[in-house]
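Please look at the sequence and the structure first.

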Amino acid sequence: MDGEELTEQETALYDRQIRVWGAGAQRRLSKAHILVCGITGTIAEFCKNIVLAGVGSLTLVDDRAVTEEALSANFLIPSDENVCAGKTLTELCRDSLKDFNPMVRVSVEKGDLSSFGAEFYSKFDVVVVSCCSFTTKKLINEKCRKLSKRVAFYTVDCRDSCGEIFVDLQHHKYSKQKREEAIECELHYLSFEESISVPWKALPRKFSKLYFAMRVIERFEEAEQRKPGELSIADLPAVVKLKKELCEAQSLNESHIPNVLLERLVTDTREFPPVCPIIGGILGQEVIKAISGKGDPLKNFFFFNAMDGKGIIEDVSGKT
Amino acid sequence: MASLKHLPAVKGAKVLMVGAGGIGCELLKTLALSGFQDIHIIDMDTIEVSNLNRQFLFRQSHVGQSKAKVAREAVLKFRPHISITPYHANVKDSDFNVDFFKQFNVVLNGLDNLDARRHVNRLCLAADVPLIESGTTGFLGQVTVHVKGRTECYECQPKPAPKTYPVCTITSTPSKFVHCIVWAKELLFAKLFGDKNQANDLNVRSSDGASSSKQAEDVFEHRKDEDIEQYGRRIYDHVFGYNIEVALSNEETWKNRNRPKPIYSSEFMPNDLSQQNGSMEKNGAANDISSVSAMASLGMKNPQDVWSLKENSRVFLEALKLFFLKREKEIGNLTFDKDDQLAVEFVTAAANIRAASFGIPLHSLFEAKGIAGNIVHAVATTNAIIAGLIVIEAIKVLQNDTKNYRMTYCLEHPTRKMLLMPVEPFEPNRSCYVCSETPLSLEINTHRAKLRDFVEKIVKATLGMSLPLIMHGSALLYEVGDDLDEEMVANYAANLDKVLSELPTPVTSGTMLTIEDLQQELSCQINIKHREEFDEEKEPDGMVLSGWTQAPSVVKDDNESIANAGSTSNEPPVEAEKNDEIEIPPEKKRRLSEVSEAVDPDLSSVDGDTRNPDKLQVLDDDDELMIFDNWDSVPNKKKRMQ
């Protein structure tokens, strides 16, 4: 594959980024196929980043209609009603994204995620899932893992001014620069289910509080049969109660999941717009690293909290 | 910082964005989505193809149009009811004065050069408007908050001078590829195609200076009846053959160096001129200058290929020929431009031939273009992240949430598990000449240095003033402005050529000069100290400015790098051009062991000699210690804002 050269047009357009990741990585990007499930402001940012980077194709799945919430942090949806008439959320995003880079094929796939079979997922190199239930995330992750080819799997969620990225690259081989020479490395990842099954007690002492809080919310939504983000301040007492039960069962001190953090996550379930480019930017970089096989990829959770401004990597490997 | 709680502060805010490029596009979009409703944006640039991979508000069809205006249109498509006021102008224009700045609640910088950054910093200080400053390169970036009297200003730490190289390294003893690029671009290209009146060190000086340089002048003349192929080969043989032979004759130079090899065109090209080098037909319409390309006429396609010496020689001769045949009108006025394909081809080939002569590895056109054009690595993702961080800080500033202001670094490799690392801002540097009133001190030979030297090297180059006024007590020694009468202009011109001690109001040891820039509303005082001798190597300017930084060794180091032009010429040989996209993250070596919880980095000082302004280095083995591109040495102790 390295034998093929970039076209003159590609060289001119991608000049600045080829200087960052090299012509080989650019060629690999142009052959990568990416699936995105669930359109959010963060996903809009991510899509913009990888379309600009010049991936081969991007497929969007989300059957929801255009709502006010969908508009709030999404710059891909024009406000002109004439343009929007009769189009779905994904179709509008597709049209804007195509415009960003005519060299990338952007398309829309309709249907229920959980109904797609192995054949569907095997068309992709990267699958990114957002605003899906805990069960759907596990299901898609397992489907990807069963394929004979390796598919990089990501989940991304942004609530209020907090964001979480989960990464499963299965067995990932890559190279990185160490001083002057390139060295070969390999990483092994846990699945989404394996990761969140790691006993809390087994996690490092100063583990990100956001990790635990997100798991509590996830469990709550699952138990109550809510859609992701379908929460309000009225749910707080029940969420706090669930937190107590989980902490007890996992022998974790309750102070690791402050109630104020839970309160934020249930009160403002919308994305805080400036956080979207941050999470969508980190996710974009990670997907580019995974495709190009260059540079240390994130393993296996990333958290950002605008309150303290830290963007932290946590490795849930089950090893202490 | 709940999503809706910030809305009142944001809705009523009037913000100024400076720059609508890589960071600017992302920032304008994020401001609009975050509820900002009154945004003014200044950018003097127009859109280019190489912007399109990250400046996502622009399309191919916008190439050549104003960035500020097109960015506005693009954002109004998804947020039609907000007010965006674009200015297709230079932020240094006098329209953007202190009163202009005063109308804003916060200023957000997404700039690509030091000069404009310093200018905006000064105007923000003068107008007392908070400034949020940012920059990215590749995967690295940073956002800093500058609030007058509360946090350090953008200039509290001295900035690096543009990278310069000693003249003799460029003209006689190159050891790196970049030296060959500088030679090809600043000397050879300038000599052949640029302004003939510019001083140029292209020719090797031999002992009988005057006569040989006279002869050399004629060498570069294209004689009227001379065949263009013949001329090209004559130039080739002169600069790569004859000049190297002359240099070799100076044995002293080569005692501890590898001797270069003279190269003549006959090694690669048969002398039979009927053998056409390239086929010009492949070069589109004659009136389309941008499509003229030596690579095209030679059938070479891939800019990533490293050409052989023979291929470089062919490109050299072909490019030179094309300049004379297709772009003759421009000859005499050309300066190197990284977007000029033929110029890049010529410089790549010339640099490679010189590199071959000196045993330096050859490089591809793509790489050579990056070095020659000082192209900064840029990707969309880092710019997007940085824009998000700018907006978060802007909201804090508007809410006057001073305790939570942070400088944030976007890292390539995690440090203490962090990819995004917040650090509390530092207190103002009490000896900063920009944001404090502490006088500077200048050692200078008052009997030898002219006022002009002082104005050029200190006031303009070091202090970054563009419209300076110099006073000695109440006497005006110098000023710049449109409203001066002829007599005054003549007076100031005469002063420029006088040595300091012979000015109408003599400047001697102990004199306190006041320097002001009326546009920047910046005023600072310089205490003059006479000194007889200066070290030609270390202090080639013959001046040492101090007082700005705390550690004396740092000051010395700083001056040295500014004046790194070498001792054989009055002209600095090379000045790095403005970065296309951004500044390098201004980081210092910081020990980050304390950062994890309390955000409390312990600073350690930098050994000046380990600085490498070209490379961002990360010490892989110790993840607690990072060295960024140090643009300056860090004083031993900096206080964090309380």
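## Helix packing, backbone and a pocket

Helices α3(A) and α13(A) cross in a right-handed manner; a crossing is right-handed if the near helix is turned clockwise from the far one by less than a right angle, and left-handed if anticlockwise. The model is predicted, so local features need pLDDT of at least 70 and side-chain atom pairs count only at pLDDT 80 or more, whereas totals for chains, interfaces and linings use all residues. Residues are numbered from 1 along each chain as its sequence is written, chains are lettered from A and ligands numbered from 1 in the order in which they are written, and side-chain values use heavy atoms, with hydrogens and water left out.

Helices (H or I, at least four residues) and strands (E, at least two) are DSSP runs numbered from the N terminus.

| Helix pair | Angle | Axes | Crossing |
|---|---|---|---|
| α3(A) and α13(A) | roughly 40 degrees | within 8 Å | right-handed |
| α10(A) and α12(A) | about 50 degrees | 10 Å apart | right-handed |
| α11(B) and α12(B) | about 140 degrees | 8 Å apart | left-handed |

Because of its angle, α3(A) is oblique to α13(A); angles under 35 degrees count as roughly parallel, over 145 as roughly antiparallel, 65 to 115 as roughly perpendicular and the rest as oblique.

Two loops of chain A deserve attention for their backbone. K299(A) and N300(A) are joined by a cis peptide bond with omega of about -15 degrees, and N300(A) is placed in the loop between α13 and β9 (301-305). C131(A), although not a glycine, has a positive phi of about 40 degrees; this residue lies in the loop between β4 (126-130) and α8 (134-146).

C131(A) also belongs to the lining of the second largest pocket, where R64(A), S130(A), C131(A), C132(A) and P228(A) lie nearest the centre among 37 lining residues. A pocket is found on a 1 Å grid over the protein atoms alone, as an open set of points where a 1.4 Å probe fits, with protein on both sides within 12 Å along at least five of seven lines; lining residues have an atom within 4 Å of a point. The space in this pocket is about 1000 Å³, a volume being that filled by probe spheres set on the points, which are joined across faces, edges and corners. β5(A) gives the largest share of the lining, four residues.

Terms used:
Axes fitted to C-alpha atoms, helices over the stretch in contact; angles between N-to-C directions.
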